[in-house]
Amino acid sequence: MTFSVHATAIVDEGATIGEQTRIWHWVHVCAGAHIGRDCSLGQNVFVGNRVTIGNSVKVQNNVSIYDEVHLEDHVFCGPSMVFTNVVNPRSHVARKLEYQNTLVRTGATIGANATIICGHTIGKYAFIGAGAVVTKDVPDYALLVGNPAVRVGWMCQCGVRLPNEGQVSCNACGQAYAIDEEACRPL
């Protein structure tokens, strides 16, 4: 085995798990899941059947990744953040055919206790603050906070907040960006 699984974890036969991935205490990975290499799934994580997780993804404790959620490479999911897959759930109405896709693009960070309402895309290197509730698509490099989440700025690929407008460089890594009211683009 080229990945590690704690004795309390359940990995259903058929799940695809990449090299050097670490699966910790009380995790359940369903049979149809595809998990890349060098990932870490913290304590009490659930991964559904129709889920894809890229390489070098970090999923902290108490996160459930339900069917039709797809995480690209280098995504960070903070402790107890929440994904949904149905907009209008009812216990007495079956809605498995109504699951909506959620895509979290490369390098995005989702803070602790944030909620991602299904059917949306979180852009590359976007940063969702702790406790935020995302109800719409998120642009690349955007910094969102609040309920409902609103954009309050832009973040560098390295995770440092950028000035709000113009041609700027990150104070930490030096990466240059062109920023206006609608977008942040690396130069």
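Reader: How many aromatic pairs does the structure hold?
Author: A pair of aromatic rings is described by the distance of the centres and the angle of the planes. Counted in this predicted model, the aromatic pairs of the structure number three.

Reader: Is the pair of Phe-46 and Tyr-66 stacked, edge-to-face or tilted?
Author: The ring centres of Phe-46 and Tyr-66 are 6.0 Å apart, and their planes stand at 45°. Planes under 30 degrees apart count as stacked and those over 60 as edge-to-face, so the pair of Phe-46 and Tyr-66, at 45°, is tilted.

Reader: How many residues apart in the chain are Phe-46 and Tyr-66?
Author: Phe-46 belongs to strand S8 (residues 46-47), while Tyr-66 lies in the loop between strand S11 (64-65) and strand S12 (69-71). The pair therefore links distant parts of the chain, with a separation of 20 residues.

Reader: Is Tyr-66 buried, partly exposed or exposed?
Author: Buried means under 20% relative accessible area and exposed means over 50%. Phe-46, at 25% relative accessibility, is partly exposed. Because Tyr-66 has 32% relative accessibility, Tyr-66 counts as partly exposed.

Reader: What is the angle between the planes of Tyr-141 and Tyr-177?
Author: Tyr-141 lies in the loop between strand S20 (133-134) and strand S21 (142-145), and Tyr-177 is in strand S25 (residues 176-179), 36 residues apart. Tyr-141 is buried at 4% relative accessibility, and Tyr-177 is buried at 0%. Their rings form an edge-to-face pair, with 5.4 Å from centre to centre and an angle between the planes of 70°.

Reader: Which residue forms one aromatic cluster with Tyr-141 and Tyr-177?
Author: Tyr-141 and Tyr-177 form an aromatic pair. The cluster that holds Tyr-141 and Tyr-177 also includes Tyr-125.

Reader: Which strands stand at the edges of the open sheet of three strands?
Author: The sheet has the order S24-S25-S26 with antiparallel pairing, and its neighbouring strands are turned by 25° against each other on average, direction ignored. Each edge strand has a single partner strand, so one side of each is left without a neighbour in the sheet, and these strands are S24 (166-169) and S26 (184-186).

Reader: Which residue stands opposite Tyr-177?
Author: Strands S24 and S25 run antiparallel and are joined by four bridges. Opposite Tyr-177 in S25 stands Val-168.

Reader: What accessible area do Val-145, Val-150 and Val-152 have together?
Author: Val-150, found in strand S22 (residues 150-155), is partly exposed, with a relative accessible area of 43%. Val-145, Val-150 and Val-152 form a nonpolar patch on the surface, and their accessible area together is about 190 Å².

Notes:
Residues are numbered from 1 along each chain as its sequence is written. This is a predicted model: local features need pLDDT of at least 70, side-chain atom pairs count only at pLDDT 80 or more; totals for chains, interfaces and linings use all residues. Side-chain values use heavy atoms; hydrogens and water are left out. Rings of Phe, Tyr and Trp (its six-membered ring) pair if their centres lie within 6.5 Å; planes under 30 degrees apart count as stacked, over 60 as edge-to-face and the rest as tilted. Helices (H or I, at least four residues) and strands (E, at least two) are DSSP runs, numbered from the N terminus. Buried means under 20% relative accessible area, exposed over 50%, partly exposed in between (1.4 Å probe, protein chains only). Two strands pair if DSSP finds at least two bridges between them. Axes are lines fitted to C-alpha atoms, for helices over the stretch in contact, and angles run from 0 to 180 degrees between N-to-C directions. Patches are made of residues with over 30% relative accessible area and no salt bridge: like charges are joined within 9 Å, nonpolar side chains (Val, Leu, Ile, Met, Phe, Trp, Tyr) within 5 Å. Accessible areas come from the Shrake-Rupley method with a 1.4 Å probe; for residues, only the protein chains shown count as cover. A salt bridge is a side-chain nitrogen of Lys or Arg within 4 Å of a carboxyl oxygen of Asp or Glu.
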